Amino acid sequence: MDRVLLRWISLFWLTAMVEGLQVTVPDKKKVAMLFQPTVLRCHFSTSSHQPAVVQWKFKSYCQDRMGESLGMSSTRVQSLSKRNLEWDPYLDCLDSRRTVRVVASKQGSTVTLGDFYRGREITIVHDADLQIGKLMWGDSGLYYCIITTPDDLEGKNEDSVELLVLE
């Protein structure tokens, strides 16, 4: 009797964990070349039968990432990072200390670009992948894939990828 009950409880928890909105970005960091196209991948699963709203947001680095890429990171930043291995001085700061903007949103088959990105070759393809036609210098930063469904409010509704644009 206890084994049957334990199996039912296990099955219930497994089903509960699978249900709900789950957003994943397979590549956490992507390096791409200036003026080249790129695709930032985003996958999601939902128990909702309503169409999802897909939104990509951009957040600039907290400080210039190029210095680190070229081996010119400051000793102050290095010592702070060593003290707290979870903290990243380039990524972890308040949004008020960096640029935050909407890149694009997709509802159904309609894609709307944020004001800053109008006129550029940017779209959302497949279910939620962000396709950028020509990368610019200012495109380096964090990109958040955010999924909203009207009737699936549980789970993880966003994930992020870091994009570093090199010459």
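Three strands, in the order β3-β9-β8, form an open sheet with antiparallel pairing; strands are DSSP runs of E of at least two residues, numbered from the N terminus, and two strands pair if DSSP finds at least two bridges between them. The edge strands are β3 (38–40) and β8, each of which pairs on one side only. This is a predicted model, in which local features need pLDDT of at least 70 and side-chain atom pairs count only at pLDDT 80 or more, while totals for chains, interfaces and linings use all residues. Residues are numbered from 1 along each chain as its sequence is written, and side-chain values use heavy atoms, with hydrogens and water left out.

**Strand pairing**

- Strand β3 runs antiparallel to β9 and is joined to it by three bridges; V39 has Q131 in β9 as its bridge partner.
- Four bridges connect β8 (residues 122–125) with the antiparallel strand β9 (residues 129–132), and I132 in β9 is the bridge partner of I122.

**The β8-β9 hairpin**

- Three residues lie between β8 and β9, which form a hairpin.
- In the turn, H126 has a positive phi of about 55°.

**Surroundings of R120**

- R120 lies in the loop between β7 (110–113) and β8.
- Although R120 and G133 are 13 residues apart in sequence, their C-alpha atoms are 7.4 Å apart in space.
- Beyond its neighbours within four places in sequence, R120 is in contact (heavy atoms within 4.5 Å) with L113, I132, K134, L135, M136 and D139.
- A polar atom of the R120 side chain lies 2.9 Å from the backbone oxygen of K134.

Terms used
Polar contact = N/O pair within 3.5 Å; in protein donor to acceptor, adjacent residues only side chain to side chain.
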